[in-house]
Amino acid sequence: MKDRIEKEANDNFTKSLAKYTFQTRFFLSRLTRKSRIIKKIADKLLFEDNEMFVLPNKSAVNKTKRARITANIEINQSFQKDDSEFVPSEIIKEAIKEAKNIFIMNKCLCRSSAGCQDYPHDFGCIFLGPATKKIASKYGKTASVEEALEHVDTADKLGLSHLIGRNKIDSVFMNVGPKEELLTICHCCPCCCLWKIIPDLDDDISNKIKRLEDVKVNTQNENCRMCKKCLGDDVCIANAISIENGKITIDQDKCLGCGHCVQACQFDGIELNYSQKSVDSVLNRIGELVDYKK
């Protein structure tokens, strides 16, 4: 009885701490730019050896195609696929197919902590790797390959972008490890994503979140009606979009290639182009970061 009470107390403390940390994340992130000591502590505790890749939502890719903007797709023959085209979120599916341990969270910590109004709270991350066996059942369920693949398809239909890679915050929050055995697959909304802190973080930390090589997001100014929806707070998590000389401009050094701005534009004023050139390299890289296949 005493152990159960202590466990519940610890769980409640962890949840409260996580919610408080989430709600103060911008303030805490700015401190990493102001103090080398805080930066060093934050990096050690939460971001050490992280590397996450941003993958655009399938809807953003399809919208570009519907606008008759041709993506530069080079089919890699090493992938056995039924369809004729490759989209970036397929990287996630290839990783899932290779994983022996899969866990799907029953809610998104970011959306539930922020009280998201636009996307479901009960649609959580996918985790791959041996460390998933240590995740408490209260956080979600062990899943089959088929269930995980369906989960990715649902994320695309919801308009969520994806991140995949090693994210130490997850292993810390759920008290599982080692971090080398937990591969995170996030499904992010533009309004509540934890990584909206990127513009506030010290560059050495924020650079651990990477745009997928060869994904390019560009403006089509001839289509732009200056509705300025792409400039909304709940569109670009990297603050990469601005107005310069009366035109919408995307800072390629900041852009993460999530594609939310493509979906937000009603006039095909922004396009997303990509190739499959980096697919194998990303899969190999996350395989080096996390041993998710054993």
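Modeller: Two strands count as paired if DSSP finds at least two bridges between them; helices (H or I, at least four residues) and strands (E, at least two) are DSSP runs, numbered from the N terminus. This is a predicted model, in which local features need pLDDT of at least 70, side-chain atom pairs count only at pLDDT 80 or more, and totals for chains, interfaces and linings use all residues. Residues are numbered from 1 along each chain as its sequence is written, and side-chain values use heavy atoms, without hydrogens and water.

Biologist: How many helices and strands are there in the protein chain?

Modeller: The protein chain has 11 helices and 11 strands.

Biologist: Which sense, parallel or antiparallel, describes strand 1 and strand 5?

Modeller: Strand 1 and strand 5 (residues 161-166) pair in the antiparallel sense, over five bridges. Leu55 stands opposite His162 of strand 5.

Biologist: Why is strand 1 called mostly covered?

Modeller: A residue is buried under 20% relative accessible area, exposed over 50% and partly exposed in between (1.4 Å probe, protein chains only). In strand 1 (residues 51-55), five of its five residues are buried. Glu51, Phe53 and Leu55 point one way, whereas Met52 and Val54 point the other way.

Biologist: Why is Leu45 called exposed?

Modeller: Leu45, a residue of helix 3 (residues 36-47), has 52% relative accessibility and therefore counts as exposed.

Biologist: How do you know that Arg30 and Asp200 form a salt bridge?

Modeller: The term requires a side-chain nitrogen of Lys or Arg within 4 Å of a carboxyl oxygen of Asp or Glu. For Arg30 and Asp200 the closest N and O atoms are 3.8 Å apart, so the pair qualifies. Arg30 is partly exposed, because its relative accessible area is 36%; Asp200, with 18%, is buried.

Biologist: What makes Arg33 and Asp203 a salt bridge?

Modeller: Their closest N and O atoms are 3.0 Å apart. Arg33 lies in helix 2 and Asp203 in helix 9, so this pair ties together parts that are 170 residues apart in sequence. Arg33, at 45% relative accessibility, counts as partly exposed, as does Asp203 with a relative accessible area of 41%.

Biologist: Why is Lys168 called buried?

Modeller: Lys168 has a relative accessible area of 13% and is therefore buried. Its side chain meets that of Glu48 in a salt bridge of 3.3 Å, N to O. Lys168 lies in helix 8 (residues 168-173) and Glu48 in the loop between helix 3 and strand 1, so the pair ties together parts that are 120 residues apart in sequence. The structure holds 15 salt bridges, and Lys39, Asp202 and Asp204 are linked in a network of them.

Biologist: What makes a set of residues a nonpolar core?

Modeller: Its members are buried Ala, Val, Leu, Ile, Met, Phe, Trp, Tyr and Cys residues joined through side-chain atoms within 4.5 Å. The largest such core here has 77 residues, and Ile96, Trp195 and Ile286 are among those with the most contacts inside it. Helix 11 (residues 279-289) gives the most to this core, with five residues. A second, separate core has seven residues, including Cys116, Leu160, Cys189 and Cys192.
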